[in-house]
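Here is a short briefing on a protein model and its ligands. Look over the structure first, then read the points by topic.

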Amino acid sequence: MQDILISFFIFCIASSQLLGIVYSKTTFDVVKFGAVGDGQTDDTEAFVKAWTALCGAAAGGDDVPTLTIPGGKTFLLQPSEFEGPCKSKSVHVQVSGNLVAPKTPDAWKVCPPHSWLVFRKVGNLIIDGSGKIDGQGSTWWGEDSSLINGKKEKCERPTKALHFLRCDHLRLSGLTHINSPRSHIGISTSNDVEISHLTIIAPDESPNTDGINVTNSTYVNIHDSKIGTGDDCITIMSGSSNVRIAKIACGPGHGISVGSLGADGAYAAVENVYVRDCSFIGTQNGARIKTWPGGSGYARNITFEHITLTATKNPIIIDQQYCNGAHDCAKQSKAVLVSNVRFTDFRGTCGNEEAIKLDCNHISGCQNIELVKINITSTVPSKKVYASCNNAKGNSGSTVPTVSCLKYPTRPFI
Ligand SMILES: *[C@@H]1O[C@H](CO)[C@@H](O)[C@H](O)[C@H]1NC(C)=O
Ligand SMILES: *[C@@H]1O[C@H](CO)[C@@H](O)[C@H](O)[C@H]1NC(C)=O
Ligand SMILES: *[C@@H]1O[C@H](CO)[C@@H](O)[C@H](O)[C@H]1NC(C)=O
Ligand SMILES: *[C@@H]1O[C@H](CO)[C@@H](O)[C@H](O)[C@H]1NC(C)=O
């Protein structure tokens, strides 16, 4: 009997390790710190206290101090910041319950400083669980979003529901993120980040509700997630490199984008981006690179591979003359260089007739652009689709539609 018990015990330990479950001896339950979780009471103070305890905990050995947010409850939070560095090498936040922002802008006690929930300078932060983060964004999407405490104080719309700044080795997984005022998740100045198994949802028509915004960050890995919002599913902004994106189901939304880069004459640099095995379902765009005239720097070594399209309006776009409606902006004499970009194995249907648009400027053009194994057909069987080109150089092979401008011999793709 004892043997059986011991084997069972060993089995439990072994399987929990196999499943990657983190069992911590040092746990901090937000309810024990006074959080109510009825969706009405302001639980901000309890969360901040629990965070302070977590972040100050010195865990021994391999133990990772864990903050638990229990399931079956809804916690109302005002704009909050959770700051490190923490005493323990790693901290874990387990989200089983729901977090909600104040329902209307006038219920926000203060104008949100950029974002609703911010994690700053926390190394080796693990956030997981099956909980939900609800930004209550709908009131910020309309006209009447500037009433705070009933006063006509002008509040900026929060830029992110959840923002990570300088959080190296971040691991974020499992959660559902809905209805952010603007972007759902921001990753800024963070290195070695893994994001997976998320669900991000906002209505198709909600303005600027990007899924994930990666800025100034390196070695970022985003995979196995479902993102459907009113703007880009994922946007990769300046200062980012070595970004890998795989198995994202995107739609509705504006696709996966690099940029926009170089607005207002800015220097911008993005390189080594690899997007593979993604699907775009009813999105406005698919794979997109957009840069402003007048900027400088580069977007280079970018690959989109194994992409499935379902009624995607604009499946492939390089727009080096992105102006977002601004006047006279095409007359600039500088440009963000776009080079070594590869689109391979795209198949499916396109809503517009212009399936491929390579619109590069007269200054540098786009260099070493490669399109191979492309088969994009119209959602309307009788309609033909086409590719358009402006100053794009590179090569193409086996593409439907044909991309006649990409015929120059180029150096091999690196
Ligand atoms: C970008 O990241 C670097 C470190 O990687 C940092 O020194 C710099 O301040 C960051 N820039 C911005 C605008 O945050
Ligand atoms: C992405 O986030 C950065 C940093 O907060 C911000 O400057 C930028 O405007 C955002 N981009 C988009 C497309 O929202
Ligand atoms: C291009 O980017 C990929 C990652 O997507 C990287 O593995 C490769 O080393 C990069 N190539 C160069 C020449 O930097
Ligand atoms: C492209 O896809 C269509 C629709 O699936 C198919 O009928 C056609 O044979 C394909 N063409 C090529 C060249 O693979």
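**Ligand 2**

In this predicted model, an oxygen atom of ligand 2 sits 2.8 Å from an N or O atom in the side chain of lysine 160. A polar contact here is a pair of N or O atoms within 3.5 Å; within protein, one must be able to donate a hydrogen and the other to accept it, and residues adjacent in sequence count only if both atoms are side-chain atoms.

- Asparagine 213 places a polar side-chain atom 2.3 Å from an oxygen atom of ligand 2.
- For threonine 215, an N or O atom of the side chain is 3.4 Å from an oxygen atom of ligand 2.
- The protein buries 56% of the 360 Å² that ligand 2 exposes when taken alone (Shrake-Rupley method, 1.4 Å probe; for residues, only the protein chains shown count as cover).
- The shell around ligand 2 consists of Lys160, His163, Ser183, Asp210, Asn213, Thr215 and Met237; a residue is near a molecule or strand if one of its heavy atoms lies within 4 Å of it.
- By class, that shell has 1 nonpolar, 4 polar and 2 charged residues (nonpolar: Ala, Val, Leu, Ile, Met, Phe, Trp, Tyr, Cys and Pro; charged: Asp, Glu, Lys and Arg; polar: the others, Gly among them).
- Strand 11 (160–165) and strand 17 (212–215) each give at least two residues to the shell (DSSP runs numbered from the N terminus: helices are H or I, at least four residues; strands are E, at least two).

**Ligand 1**

- Arg166, Thr189 and Asn216 surround ligand 1.
- The side chain of asparagine 216 has an N or O atom 2.4 Å from an oxygen atom of ligand 1.
- The protein covers 32% of the 360 Å² of accessible area that ligand 1 has on its own.

**Helix 2**

- Buried residues of helix 2 are Thr44, Ala46, Phe47, Ala50, Trp51, Leu54 and Cys55 (buried: under 20% relative accessible area; exposed: over 50%; partly exposed: in between; 1.4 Å probe, protein chains only).
- They cover an arc of only 160° around the axis, so they lie on the same side of helix 2 (directions from the helix axis to the C-beta atoms).
- Glu45 and Thr52 are exposed, on the face of helix 2 turned away from its buried side.

**Serine 257**

- Serine 257 belongs to strand 21 (residues 256–261).
- Serine 257 counts as buried because its relative accessibility is 0%.

**Conventions**

Residues are numbered from 1 along each chain as its sequence is written, and chains are lettered from A and ligands numbered from 1 in the order in which they are written. Local features need pLDDT of at least 70, side-chain atom pairs count only at pLDDT 80 or more, and totals for chains, interfaces and linings use all residues; side-chain values use heavy atoms, with hydrogens and water left out.
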